[in-house]
Amino acid sequence: MANVIVIGAQWGDEGKGKITDLLSRSADVVVRYQGGVNAGHTIVVQGQTFKLHLIPSGILYPKTECIIGCGTVIDPQVLIKELDQLEKLNISTANLLISQTAHVTMPYHRMIDKASEEVRGNHKIGTTGRGIGPTYADKSERTGIRMLDLMDADGLREQLEWTINYKNTILEKLYNLPPLDPQVVIEEYLGYAERLRPFVVDTSLQIYDAVLRRRNILFEGAQGTLLDLDHGTYPYVTSSNPVAGGACVGSGLGPTMIDRVIGVSKAYTTRVGEGPFPTELHGEIGDLLGDRGAEFGTTTGRKRRCGWFDAVIGRYAVRINGMDCIAITKLDVLDELEEINVCVAYEIDGERCEHFPTSARMFARCRPIYKTLPGWQMSTSHCRTLEELPPQALDYLRFLAELMDVPIAIVSLGASRDQTIIVEDPIHGPKRALLHPNGTPV
Ligand code: IMP
C-alpha cells in the first residue's frame with residue numbers, strides 16, 4: 001500500500017500525463033489536487049490521443065476511482081466537454097467524483113484574466129487566459145462560487161445576482177468591457193449543475209475512506225514546482241500550489257498519510273508564458289528541441305520556450321517537494337545532438353550560486369554555468385532497459401541524478417506507454433533505496 005504524489009519538477013509540461021498514466025495502473029484512486037483547465041495532459045493509448053484538462057488520466061482505467069479535489073478550480077463548460085468526449089469514446093466516467101468545495105470558474109473570471117493581461121502590457125504573466133488567477137483570487141477574497149453553491153439553485157441565484165453586479169462594475173469601470181447579464185449566466189450555470197450533480201460529493205471523506213481501506217492513492221499535480229504560487233518564479237507563476245505540500249491541502253488528507261513523492265522532469269527544460277529562464281536557447285538547438293519534442297502547449301497551442309537541463313532548479317525541486325525519486329522524460333529528444341550542456345550552477349554578478357534565488361529580479365540576472373557532455377547521436381526510442389542505452393546517454397542520466405541528488409526511477413523515451421525504462425518500481429520499490437542509473441545505491 002502506498003499513497004504517492006506525482007509532481008512536476010520544472011515549469012510544467014514535464015510529461016506528467018504519461019507518468020501518472022503509467023503509475024495509475026497500480027493506483028486504486030487518482031486525485032487531482034490543484035489548478036484548473038490551464039493544465040493539459042496528452043495521453044496516447046493504442047494510437048488514440050486524449051487531451052484532458054481536468055479529469056485525471058486514471059479515468060482510462062475502468063476500475064480506478066478519479067477525484068477532482070477541493071484545491072482545484074473547475075470550469076464546468078470545459079469539464080462537461082471532457083465528459084462528453086470520454087463517453088463518446090466509450091470510456092466510462094462512472095468512477096469520477098468532484099469535490100463539493102472546489103471553486104467554479106465563471107465567465108467574468110475568464111474576461112478579467114484576459115483583460116488584466118492586456119492592461120499589464122510588458123508586465124504580463126503570459127497566462128493561459130482560462131480565468132485561473134481570478135478564480136483563485138475570488139476564493140481568497142471570499143467571493144467565490146463553489147461546486148456546492150452550484151447545486152443549490154435558490155442560493156446560486158441570490159449569490160450570483162450580487163456577485164455579477166459587483167463584477168460588472170469591475171468589467172465596465174476598470175476594463176471598459178460590456179457587463180454580463182446575471183440571468184443569462186445563472187441559467188447557463190444551472191444547466192451545468194444538473195449535468196455535474198451526480199459527480200459532486202465530499203471527496204475528502206472518500207479519500208480518507210480509501211486510506212482506511214488501504215487503497216493505493218495517486219495524487220496528480222498539474223503545472224510544476226517553478227510555477228508554484230509560493231515557491232515558483234513569482235510573479236510568473238500560476239495561482240495554486242503544484243508542489244507536493246499542495247496535495248494535502250488540495251485533497252483534504254493529512255501529511256502523515258503520504259508515503260512518497262515522485263518528481264517528473266524533462267531531460268531538458270521548457271517554459272510557456274513570460275518570466276526568466278536562464279538556460280533558454282534562442283537559436284538552432286532550441287528549435288531542434290522544440291521540433292523533436294513537439295513543444296506546443298496542450299491547452300493554448302503556444303510554442304514552448306526550450307533550453308538545456310537546469311540542475312539548480314532540479315535540486316530546488318527535490319528539496320521543496322521532498323522528492324523520493326524522479327522520472328526523466330523525453331530523453332530521446334536529445335538523440336541527434338553532438339554535445340549537450342547541463343547547467344550545474346548560476347553566476348550572479350560575478351558570484352557562483354548553487355541555489356535557486358527566490359527573488360525574480362535576482363533570478364533574471366542568473367547566467368548559467370554549463371558542463372558540456374558528449375551526445376550519443378543515435379536513436380534511443382526503442383530502448384527498454386538501461387543496458388540498451390548508449391553509454392553517453394547513461395552517463396548523462398547518471399550526471400543528472402548526481403547533480404540533483406535523487407535516484408532516477410523511470411526514463412521515458414517517447415509518447416507511448418511502452419517507450420519507457422522502469423529502473424525501479426517507484427511505488428513499491430524500497431523508499432530512497434532505489435539505484436542510480438549506474439547501479440550505485442543512493
Ligand atoms: P495561469 O495558470 O493561466 O494563470 O498562467 C500562469 C503561468 O503558468 C503562465 O506562465 C502559464 O503559461 C503557466 N501555466 C499554466 N498552466 C500551465 C501548464 O499546464 N503547463 C505549463 N505552463 C502552465
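Is L334 buried or exposed? L334 is buried, with a relative accessible area of 0%; buried means under 20% relative accessible area, exposed over 50% and partly exposed in between, with a 1.4 Å probe and protein chains only. These legends describe a predicted model, in which local features need pLDDT of at least 70, side-chain atom pairs count only at pLDDT 80 or more, and totals for chains, interfaces and linings use all residues. Residues are numbered from 1 along each chain as its sequence is written, and side-chain values use heavy atoms, with hydrogens and water left out.

**Figure 1. The whole protein.** Let us start with the overall picture. The protein has 13 helices and 20 strands; helices (H or I, at least four residues) and strands (E, at least two) are DSSP runs, numbered from the N terminus. Its radius of gyration is 22 Å, close to the 22 Å that the globule rule gives for 442 residues, so the protein is as compact as a globular protein of that length. The radius is taken over C-alpha atoms, and the rule is 2.2 Å times the number of residues to the power 0.38. The C-alpha trace spans about 65 × 50 × 40 Å along its principal axes, and 58% of the 442 residues count as buried.

**Figure 2. The surroundings of L334.** Back to the residue of the opening question. L334 sits in the loop between β15 (325-329) and β16 (339-348). Not counting residues up to four places away in sequence, L334 touches A267, Y268, L289, I340, W376 and Y396, where contact means heavy atoms within 4.5 Å. For a sense of scale, L334 and H41 are 22 Å apart in space, C-alpha to C-alpha, and 293 residues apart in sequence.

Figure 3. Of the 15 residues around the ligand, D13, N38, T128, T238 and R302 come nearest; a residue is near if one of its heavy atoms lies within 4 Å. By class, this shell has six nonpolar, seven polar and two charged residues. Here Ala, Val, Leu, Ile, Met, Phe, Trp, Tyr, Cys and Pro count as nonpolar, Asp, Glu, Lys and Arg as charged, and the others, Gly among them, as polar. A backbone N or O atom of G126 lies 3.3 Å from a ligand oxygen atom. The protein covers 96% of the 470 Å² of accessible area that the ligand has on its own, as computed by the Shrake-Rupley method with a 1.4 Å probe.

**Figure 4. K18 in helix α1.** K18 lies in α1 (residues 16-24) and is buried, with a relative accessible area of 10%. Leaving aside neighbours within four places in sequence, K18 is in contact with S412, L413, G414, A415, S416, R417, Q419 and T420. One detail to zoom in on: a polar atom of the K18 side chain lies 2.8 Å from the backbone oxygen of G414.

**Figure 5. Backbone details in two loops.** The loop between β10 (217-220) and α9 (244-249) holds P235, and the peptide bond from Y234 to P235 is cis, with omega near 10 degrees. Q223 is also found in the loop between β10 and α9. Phi of Q223 is near 55 degrees, a positive value in a residue other than glycine, and Q223 is buried, with a relative accessible area of 10%. A294, in the loop between α10 (284-292) and β13 (305-307), has a positive phi near 45 degrees.

Methods
Polar contact = N/O pair within 3.5 Å; in protein donor to acceptor, adjacent residues only side chain to side chain.
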